[in-house]
Amino acid sequence: MGGSNKAGKHPMLKAITCGLLLLFAAIITPAQPAASAFDAASKVFRLDGGNVSYLFGVNPRGELQQLYWGGKLAATDNFKQAVPLREAASFDSSYTTTPQEYAGWGAGLYVEPALKVTFAEGNRDLVLHYDSHELTQNGVNVVLKDIKRYVFVTLHYSIDPESGILARLATIENREPQPVRVEEAAAAAWSLPPAHYSLNYLTGRWAGEWTLNQETLHPGERVIESRRGSTGHQANPWFAIQTGDPDEEHGEVWFGALAWSGSWRITFEQDQLDAVRVVGGFNPFDFGYVLHPGQSLETPIFYGGYSSHGLGGASRLLHRFEISQILPRRVGTGPSAAPKPRPVIYNSWEATEMNVTEAGQIALAEKAAALGVDRFVMDDGWFGQRKTDHAGLGDWYVNSEKFPHGLKPLIDKVHSLHMDFGLWVEPEMVNPDSDLYRKHPEWVLNMPGRPRSEARNQLVLNLARPDVRAYVLSFLDKLLTENDIAFLKWDYNRNWSEPGWDQLPPTEQKKVYVEFTRNLYFILAELKRRHPKVELESCSGGGGRVDLGILKYADEVWPSDNTDPFDRLTQQDGFTYPYTAQVMMAWVTDSPHWLNKRSTSLTYRMLSSMQGSLGIGANITKWTDEETATVKRLIASYHEAQPTIVQGDLYRLISPRNGSEFSATQTVNRGKSQSVVFAFIHSTQEGRTFPKLKLKGLDPAAQYAVTPIDGKLQPGSPEVASGAYWMNHGMDMSEEFRGDFQGAAFRLDKK
Ligand code: GLA
């Protein structure tokens with residue numbers, strides 16, 4: 001020490017020297033690899049972001065070959081030119097065994113292609129080779145071209161510097177003198193080397209969304225998809241592949257999410273050499289997009305990420321990415337950008353269904369305001385001749401029997417109660433019993449001469465048509481211009497049938513799969529531009545339209561029509577694998593529940609919903625003073641900790657899946673100054689007490705004080721202890737915490 005002190009005898013001088021040394025060290029430390037780079041000698045592209053490196057190169061044949069996707073490599077790690085994989089006997093050409101970034105169906109390709117086309121004269125062979133590239137700020141655009149024909153594909157890559165999540169999409173361009181029909185077009189193909197992998201994906205049905213499936217990947221192809229015209233309840237365009245068996249907090253995970261709200265498909269294929277290819281984009285079923293000379297087709301974006309901290313780590317990366325990069329109305333820039341936590345809403349649907357009236361809604365609004373609700377939303381039933389679901393969709397004028405003076409008196413009342421006002425709409429649909437359908441029967445998806453299959457007594461307007469797009473945009477614009485509306489719950493209550501577009505020549509009609517969804521995005525973007533303050537919820541009979549495409553416009557989503565608080569625990573668990581609790585609306589509704597006939601306490605219902613973005617959907621005019629007081633108290637506690645709950649790092653401590661007796665989640669804010677723990681019991685058996693909860697993600701050296709939101713810790717538990725204590729020793733719930741459908745919640749604050 002004495003020797004090293006010689007230069008800086010004076011403390012001030014020492015501090016300055018230290019500062020200068022640090023500055024110098026920062027300058028001479030080898031620079032982090034640029035976000036994107038190309039090595040001309042080896043023809044290798046490299047993308048670095050967060051803790052991730054992604055490398056691919058041009059092999060001697062000219063194909064774009066994947067080289068590496070995983071944890072960050074050192075800047076000094078150089079790669080040689082990509083070497084194609086061997087021909088695996090005469091049955092598996094090198095073209096098929098080599099992991100290509102975007103393989104055309106041609107030559108001897110037997111794995112899932114990224115692109116399949118038919119040329120005008122019948123040729124269907126497409127072999128894409130590197131043509132040129134251009135580095136961008138956080139990525140690269142690589143142009144591929146068929147070995148002979150003038151079909152060009154630009155692969156767009158970018159990497160998020162914070163999370164390392166890659167965004168990939170392709171633009172397919174026809175520079176031939178004749179039309180080219182695109183029959184299969186992926187956004188991206190992801191490749192993983194041979195290993196034992198497990199696949200995680202989400203499936204469901206109406207009122208039963210968000211089931212997490214975990215299975216071993218076997219040889220052959222596993223397909224998840226929607227052929228329904230929209231995202232669908234039945235599968236969600238997200239996956240996570242883990243080496244070995246699924247593990248919440250350990251192990252390598254590669255995950256991806258497709259940003260598309262139309263028919264989609266993702267395939268997982270373990271090939272003949274045990275390598276895995278994941279290909280996703282437009283669903284090729286019934287697909288056919290004709291590109292005339294000079295035209296191009298852009299695919300959706302396929303996001304892909306990597307975590308070395310298990311499925312929990314993958315979710316936390318995606319959540320942060322959604323909050324800072326995807327969701328609309330973010331405040332700030334870079335990794336700290338975030339939308340505001342959602343207002344606590346009241347929604348009238350379960351209380352009144354379509355029986356809405358001015359007086360009835362005002363009575364609900366008065367009660368909602370007394371609870372501490374921020375936003376009052378009137379659901380279905382306010383427009384056209386809407387008494388039941390047999391009529392009215394398409395006629396977006398205010399029903400004068402129910403609202404003789406228009407919406408203004410109700411909206412004014414809601415404002416006077418210090419809440420803002422939201423309204424339900426279902427813009428893409430029409431009931432045959434409506435003025436709109438009587439005037440424009442040609443506006444629906446249909447195939448001439450064929451039946452028009454109804455679902456919930458409604459048909460789907462063909463939003464791909466320019467006149468339908470103009471109509472939908474104009475009635476919504478008028479509604480928002482004439483009324484002081486802060487929020488639209490945008491519903492979509494059926495899937496497509498007979499998806500024809502008879503305005504166009506037969507060869508062009510399948511474009512409906514692309515143009516419908518594009519026009520939906522166009523309308524959402526245009527409404528946002530014209531009415532910047534209006535917020536949106538994506539609902540499709542619950543969680544039928546939740547994906548990273550719609551989340552660029554929707555501030556929140558309705559995960560399920562199933563509001564049973566016990567079912568919701570498992571649904572919310574599944575939902576949070578891909579999606580942040582910021583967008584996960586969760587209402588407290590009446591007990592016994594209409595779907596399962598299960599009775600639960602109000603506190604249990606509140607705590608279940610407080611794990612997400614809270615709403616109330618019960619018939620609150622019937623609540624007793626005691627119930628009102630409970631909800632008021634819990635809404636106030638929720639408001640205090642809401643940013644931590646919905647935007648913090650989520651740890652799924654104990655999963656409610658597979659009939660688990662217990663479940664628990666924990667969130668920690670980014671500064672690690674606050675954490676919230678939720679714990680639930682399904683049904684106590686054999687007197688078992690709640691397991692010790694070992695918390696995660698806290699600062700081990702900091703002191704945290706624990707405050708109950710609802711519930712008790714075991715007598716003798718400290719009120720203040722270090723992060724190390726809560727993480728290593730754990731939290732002991734009171735022994736009294738037993739029974740059926742019980743919940744507890746605690747807040748920890750750094751001292
Ligand atoms: C769908 C929604 C519900 C409600 C009804 C109204 O089912 O998911 O929340 O809005 O429509 O008809």
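In which loop is the place of Ala207? In this predicted model, Ala207 lies in the loop between β11 and β12, and its phi is near 65°, a positive value in a residue other than glycine. With a relative accessibility of 10%, Ala207 counts as buried, because the limit for that class is under 20%. Trp206 is placed in the loop between β11 (197-203) and β12 (211-216) as well, but at 44% relative accessibility Trp206 counts as partly exposed. Together with Trp594 and Leu595, Trp206 makes a nonpolar surface patch of about 290 Å².

Further backbone features were found in other loops. Asn457, in the loop between α7 (435-439) and β25 (459-460), has a positive phi of about 60° although it is not a glycine, and Asn457 is partly exposed, with a relative accessible area of 22%. The peptide bond from Ser591 to Pro592 is cis, with omega near -5°, and Pro592 is located in the loop between β29 (585-588) and α11 (602-610). In general, most residues other than glycine have a negative phi, and most peptide bonds are trans.

An N or O atom in the side chain of Asp380 is 2.6 Å from an oxygen atom of the ligand, while a polar side-chain atom of Asp491 lies 2.9 Å from a ligand oxygen, and for the side chain of Trp424 the corresponding distance is 3.0 Å. Of the 310 Å² of accessible area that the ligand has on its own, the protein covers 96%.

How values were computed. Residues are numbered from 1 along each chain as its sequence is written. This is a predicted model: local features need pLDDT of at least 70, side-chain atom pairs count only at pLDDT 80 or more; totals for chains, interfaces and linings use all residues. Side-chain values use heavy atoms; hydrogens and water are left out. A polar contact is a pair of N or O atoms within 3.5 Å; within protein, one must be able to donate a hydrogen and the other to accept it, and residues adjacent in sequence count only if both atoms are side-chain atoms. Accessible areas come from the Shrake-Rupley method with a 1.4 Å probe; for residues, only the protein chains shown count as cover. Patches are made of residues with over 30% relative accessible area and no salt bridge: like charges are joined within 9 Å, nonpolar side chains (Val, Leu, Ile, Met, Phe, Trp, Tyr) within 5 Å. A salt bridge is a side-chain nitrogen of Lys or Arg within 4 Å of a carboxyl oxygen of Asp or Glu. Helices (H or I, at least four residues) and strands (E, at least two) are DSSP runs, numbered from the N terminus. Buried means under 20% relative accessible area, exposed over 50%, partly exposed in between (1.4 Å probe, protein chains only).
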